[in-house]
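Hi,

Here's the structure I promised to pass on. Have a look at it first, and my notes follow below.

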Amino acid sequence: VFITDKCDDIMPEWLSFLKGIIDSEDLPLNISREMLQQSRVVRVIKKNVIKRSIELFQELSEDEDKYKIFYEQFSKNIKIGLHEDSSNKDKLAKLLRFHSSNTEDMISIDNYIDNMDEKQSDIYYMTGESLNYVKHSSYVKGLVSKGYNVLFMTEPIDEYVLQKLTEYDGKKLV
């Protein structure tokens with residue numbers, strides 16, 4: 001039985017780019033739509049849809065070429081999700097990619113940590129309006145001269161990401 005094609009309670013806004021059909025035998029059908037929208041089953045479905053979506057993104061991230069194409073299209077959605085969905089913040093943070101002072105390609109924060117200098121205890125980042133601007137910043141040049149790698153965050157939404165992501169894997173973002 002078709003219930004609705006617009007259910008904001010099942011799909012969060014940051015996953016709005018996903019399309020699909022949800023088939024469930026658990027929904028009580030002899031009640032009004034308003035009661036159905038408040039149903040515990042709907043909350044469970046939403047939780048499972050989010051969980052499965054993140055798992056699919058993680059699988060996709062294992063193939064760098066495919067993930068690069070995906071990330072170019074939907075990085076803003078992942079960043080909005082990190083800002084809005086605090087319960088999945090750590091999983092979504094693993095999906096983030098940024099340019100850095102040591103590489104031409106975008107890297108994950110895990111990759112950044114793996115390649116950190118031994119004397120470096122924090123994750124350094126620079127925000128700015130363009131990649132060219134942050135690359136030539138005097139702050140970045142000072143850190144690079146000390147042998148540190150710096151992440152470049154050039155999208156306006158990165159400021160919101162940093163409000164939620166103050167620490168990653170026990171290291172502070174500075």
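**Strand S3 and its sheet**

Val150 and Phe152 point one way from S3 while Leu151 and Met153 point the other way, and all are buried. Buried here means under 20% relative accessible area, with exposed being over 50% and partly exposed in between (1.4 Å probe, protein chains only). As background, side chains in a regular strand alternate between the two faces of the sheet.

Before going further, a word on where this comes from: it's a predicted model, in which local features need pLDDT of at least 70 and side-chain atom pairs count only at pLDDT 80 or more, while totals for chains, interfaces and linings use all residues. Residues are numbered from 1 along each chain as its sequence is written, and side-chain values use heavy atoms, with hydrogens and water left out.

Helices (H or I, at least four residues) and strands (E, at least two) are DSSP runs, numbered from the N terminus. The protein has 8 helices and 5 strands, and along the sequence they follow the pattern α-α-α-α-β-α-β-α-α-β-α-β-β.

Back to S3. There is an open sheet of 3 strands in the order S1-S3-S2, with mixed pairing. Strands S1 (99-100) and S2 (124-127) stand at the edges with a single partner strand each, so one side of each has no neighbour in the sheet. Two strands count as paired if DSSP finds at least two bridges between them. S1 and S3 (residues 150-153) run antiparallel and are joined by 2 bridges, whereas S2 and S3 run parallel and are joined by 4 bridges. Leu151 of S3 is the bridge partner of Ser100, and Tyr125 also stands opposite Leu151. In general, strands of a sheet pair through backbone hydrogen bonds, either parallel or antiparallel.

H2 covers residues 40-61, and Ser61 lies in it. (The expected span is 1.5 Å times one less than the number of residues.) The buried residues of H2 are Val41, Val42, Ile45, Val49, Ile50, Ser53, Ile54, Phe57 and Ser61.

The axes of H2 and H3 (residues 64-84) come within 7 Å and cross at roughly 130°. That makes H2 oblique to H3. The contact is made by Phe57, Leu60 and Ser61 from H2 with Glu64, Lys66, Tyr67 and Phe70 from H3. By class, this contact has 4 nonpolar, 1 polar and 2 charged residues.

Angles under 35 degrees count as roughly parallel, over 145 as roughly antiparallel, 65 to 115 as roughly perpendicular and the rest as oblique. Contact means heavy atoms within 4.5 Å. Ala, Val, Leu, Ile, Met, Phe, Trp, Tyr, Cys and Pro count as nonpolar, Asp, Glu, Lys and Arg as charged, and the others, Gly among them, as polar.

Ser61 is buried, at 14% relative accessible area, and leaving out residues up to four places away in sequence, Ser61 touches Tyr67, Leu95 and Arg97. Ser75 lies in H3 and is buried too, at 5% relative accessibility.

**Two exposed loop residues**

Lys119 sits in the loop between H5 (109-114) and S2 and counts as exposed at 57% relative accessibility. Beyond its neighbours within four places in sequence, Lys119 is in contact with Lys146 and Tyr148. Lys119 and Tyr148 are 29 residues apart in sequence, yet 9.0 Å apart in space, C-alpha to C-alpha.

Asp169 is in the loop between S4 (167-168) and S5 (171-172), and is exposed at 59% relative accessibility. Asp169 has a positive phi of about 55° although it isn't a glycine. Most residues other than glycine have a negative phi.

**Overall**

Of the 174 residues in the protein, 36% are buried. Among contacts with a separation of 6 or more, 64% are between residues 24 or more positions apart.

Cheers

Definitions and conventions
Axes fitted to C-alpha atoms, helices over the stretch in contact; angles between N-to-C directions.
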